[in-house]
Each structure stands twice: as structure tokens, then as C-alpha cells.
Amino acid sequence: MSDPDLAGAVTDALRAPSVQNSQPWKWRILRDSVQLYADEDRHLYVTDPEQRELVLSCGAALHHLLVALAARGVGTDVTRLPDPEDCDHIATIAVNRASAPDALTASLYPAIAARQTDRRRMSDDPVSPDQVEALQEHAGHAGGLLVPVTEPHAREQLVATLTEANEQQRNEPGYASELRLWTHRLPGSHDGIPADAVAAPVCGARPTGLRRFGPATLAQPPLSPGRTPDDAAEFLVVATATDTVLDHIRAGEATSAVLLAATRMGLATTPLSQALEIDSCRHRIRTEVLRMPEYPQLVVRVGLPAAGADELPVTPRRALRSVLLPD
């Protein structure tokens with residue numbers, strides 16, 4: 001294994017999703033290992049006061065790296081939170097020449113380049129139970145739990161909680177300016193959420209719980225005659241047994257696995273985090289929607305792409321040189 005191979009895998013990992021596309025990570029590439037660090041300079045203080053989503057984003061990048069290495073035929077040993085005195089050191093990933101790469105993880109590699117967050121209306125054709133079960137398998141393989149919210153009343157509660165979280169955040173001091181910072185980036189920026197990644201709500205459709213962003217120039221798919229403006233997207237909740245920093249890393253890994261697996265199946269996905277950013281809303285999802293002791297970490301909206309939907313534009317990413325630490 002040579003340094004360029006590790007650099008290529010880290011470059012793939014930079015495609016990982018992150019809160020507001022903030023890409024809050026730094027990397028150090030050594031001869032036979034990679035170190036992943038959280039970048040606190042990219043912490044969203046109002047949206048994510050406890051840094052849970054910052055860590056979750058780094059967990060997603062970690063999983064992307066493991067997928068990229070496995071696809072290159074590289075076995076790995078991963079140490080999460082290796083330094084008790086450095087909470088920013090998320091993981092060390094060491095090359096293990098004696099172990100075979102994980103086949104299920106490697107199978108997700110083609111989805112890294114294809115995965116995009118889709119904030120548009122999805123199809124009114126449902127996701128199959130077999131597909132949901134497969135997504136649950138991928139989440140479990142990555143160390144998390146994926147809970148479908150399919151019961152109609154629970155689904156209504158979840159969407160209502162997402163909508164309430166949107167309203168609460170709009171009134172949170174500093175939230176509007178922080179959101180504007182990440183949705184009104186300067187031309188040529190390599191982070192944040194551009195207007196062409198956001199679509200305006202569909203008129204006449206039932207609430208979807210999508211976060212309200214800034215400018216929205218992404219076109220909604222055309223509505224076929226006789227078809228409802230409502231879609232049949234499923235809501236799946238990534239959860240963990242406890243709520244430690246390690247759990248947040250694992251939740252990020254499971255989120256990455258679910259998003260990549262869904263992409264491989266031809267499904268559209270939208271991570272939704274706002275209801276987990278407000279303590280009261282997160283508690284309600286845990287106790288009234290899921291009714292289980294596990295801790296919800298993220299909601300993922302999954303559905304078939306709507307007929308006639310245009311290809312999504314590629315969201316910006318920082319270059320490898322911008323996120324590297326000296327060796």
C-alpha cells in the first residue's frame with residue numbers, strides 16, 4: 001500500500017455528507033495509516049451546540065473511507081477515539097495487510113460518486129419492504145440501528161415534530177445568520193448548500209418536514225396527470241443504544257452505510273437533522289414516535305425518484321490539500 005492509494009481513498013471520503021455541507025474534518029495521511037480529526041473551526045455553534053452532528057459527520061466520512069479502502073482491496077484496523085486527551089481525534093485507520101477487506105462494505109463503493117441529497121418531491125410509488133430490510137442490514141453492519149417509521153400516526157407525529165423543530169429554530173437567536181452563512185456562500189466556494197441543491201415546496205402536497213433553507217432554484221419533478229403531489233417516501237431513524245461520543249461516530253457510519261446502500265438501489269435520500277438538534281423534539285421522537293429506549297441520531301427520508309426528475313447537480317467539496325494535516 002502506497003501513500004497515493006491512501007490519498008485516493010481519503011479523496012473519496014471527502015464526498016461524505018455533513019451537516020450543512022460544512023465538511024468538518026481534517027486528515028493526516030501516514031505511510032500505513034490515516035488519522036481523522038474533527039475540525040472545530042467548522043462547528044455550527046447554534047445548530048449543533050453539543051457537537052453531536054459534527055462528530056456524526058466525521059463518522060460518515062470515516063465510513064466512506066472504509067468503503068473506499070475495502071474497494072481497493074485493503075484490510076483495516078480502526079481505533080475510534082484513540083486519544084483520551086484529544087477529543088478531536090476521531091479515529092485512526094491502520095492498514096492491515098493480513099486481513100481481507102469486508103465484502104459488504106466494499107460493495108457500496110460505486111455509490112460514493114453517485115450519492116446526492118435530494119430535497120425534491122419523490123415518487124408516489126412505495127419503497128419495498130425488502131429494500132427497507134436491506135438498509136437495516138447495512139446500518140447494523142456499520143454499528144447502528146435503523147428504525148422505519150411506518151405506522152401512520154407515528155409518521156404524522158414525526159413530520160409534525162420535524163415541522164415544529166423548523167419553527168423553533170427560526171426563532172433561535174443566531175440561527176438565521178448561521179443558516180445564511182452556509183446557504184449563501186461566495187461564488188466558487190467548495191462547501192455549504194448552494195441554491196441549485198434546494199427545491200421550493202410542492203404546492204398542495206402534505207407536509208414533508210424538510211428543513212427550510214435559503215434560495216431554492218432546483219426544479220421540482222413534473223407532476224404527471226392524475227398523480228398526487230404527495231410522495232411515498234419512507235422515514236427511517238438512525239439510532240444507537242446509548243448516547244456517547246462513540247455512539248455519535250457509529251451513527252455517522254451507519255448513516256453513510258444507509259445512504260450509500262440506498263443509492264446503490266436507485267433510491268433518493270434526504271438526511272433530516274433539525275428535530276434531533278432540539279432537545280424537546282429529540283425526546284419526543286424517542287418517547288412518542290419510536291417508543292424505545294434507544295437514542296435517535298438522525299432521520300433519513302428515502303424514496304424512489306420521481307418520474308422526470310432532472311439529474312441533481314454535484315454539491316461542492318473542498319480539495320484534499322485543504323483538509324490535510326502535516327505528517
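## The sheet E5-E6-E8-E7

Four strands make up an open sheet in the order E5-E6-E8-E7, with antiparallel pairing. Its edge strands are E5 (145–149) and E7, each of which pairs on one side only. From one strand to the next the twist averages 30°. Helices (H or I, at least four residues) and strands (E, at least two) are DSSP runs, numbered from the N terminus; two strands pair if DSSP finds at least two bridges between them. Axes are lines fitted to C-alpha atoms, for helices over the stretch in contact, and angles run from 0 to 180 degrees between N-to-C directions.

This is a predicted model, in which local features need pLDDT of at least 70 and side-chain atom pairs count only at pLDDT 80 or more, while totals for chains, interfaces and linings use all residues. Residues are numbered from 1 along each chain as its sequence is written, and side-chain values use heavy atoms, with hydrogens and water left out.

## Pairing and cover in this sheet

E5 and strand E6 (residues 234–240) are joined by five bridges in the antiparallel sense, and Pro-148 stands opposite Leu-236 in E6.

Helix H5 (residues 129–141) lies across E5, E6 and strand E8 (295–303) and runs at about 155° to E5. Contact means heavy atoms within 4.5 Å. E7 is mostly covered, with four of its five residues buried. Buried means under 20% relative accessible area, exposed over 50%, and partly exposed in between (1.4 Å probe, protein chains only).

## Thr-270

Thr-270 is found in strand E7 (residues 268–272). It counts as buried because its relative accessibility is 1%. The side chain of Thr-270 reaches the backbone oxygen of Asp-118 at 2.4 Å. A polar contact is a pair of N or O atoms within 3.5 Å; within protein, one must be able to donate a hydrogen and the other to accept it, and residues adjacent in sequence count only if both atoms are side-chain atoms.

Not counting residues up to four places away in sequence, Thr-270 touches Thr-117, Asp-118, Arg-119, Met-122, Leu-210, Val-299, Val-300 and Arg-301.

## The sheet E1-E2-E4-E3

Another open sheet of four strands has the order E1-E2-E4-E3, again with antiparallel pairing. Strand E1 (25–29) and strand E3 (76–80) are its edges, each pairing on one side only. Neighbouring strands of this sheet are turned by 15° against each other on average, direction ignored.

E3 and strand E4 (residues 89–95) pair in the antiparallel sense over five bridges, and Val-78 stands opposite Ile-93 in E4. Helix H2 (residues 52–71) lies across E1, strand E2 (33–38), E3 and E4, at about 10° to E4.

## Nonpolar cores

The largest nonpolar core has 30 residues, and those with the most contacts inside it are Trp-25, Trp-27, Leu-65 and Ile-90. Helix H1 (3–13), E1, E2, H2, E4 and helix H10 (320–323) each supply at least two of its residues. The largest share, ten residues, comes from H2. A nonpolar core is a set of buried Ala, Val, Leu, Ile, Met, Phe, Trp, Tyr and Cys residues joined through side-chain atoms within 4.5 Å.

Leaving aside neighbours within four places in sequence, the contacts of Ile-90 include Leu-36, Tyr-37, Val-55, Cys-58 and Ile-249. A second, separate core of 25 residues includes Leu-108, Val-238, Ala-254 and Val-300.

## Cysteines

How many disulfides are there? The count comes to zero, where a disulfide is a pair of cysteine sulfur atoms within 2.5 Å. The sulfur of Cys-87 is 11 Å from the closest cysteine sulfur, in Cys-58, which is too far for a bond.

Cys-87 counts as exposed, at 61% relative accessibility. Cys-203 also counts as exposed, at 73%.

## Positive phi

Most residues other than glycine have a negative phi. Gln-23, although not a glycine, has a positive phi of about 50°. Gln-23 lies in the loop between H1 and E1 and counts as buried at 1% relative accessibility.

Leu-81 also has a positive phi, near 50°. Leu-81 lies in the loop between E3 and E4 and is partly exposed, with a relative accessible area of 30%.
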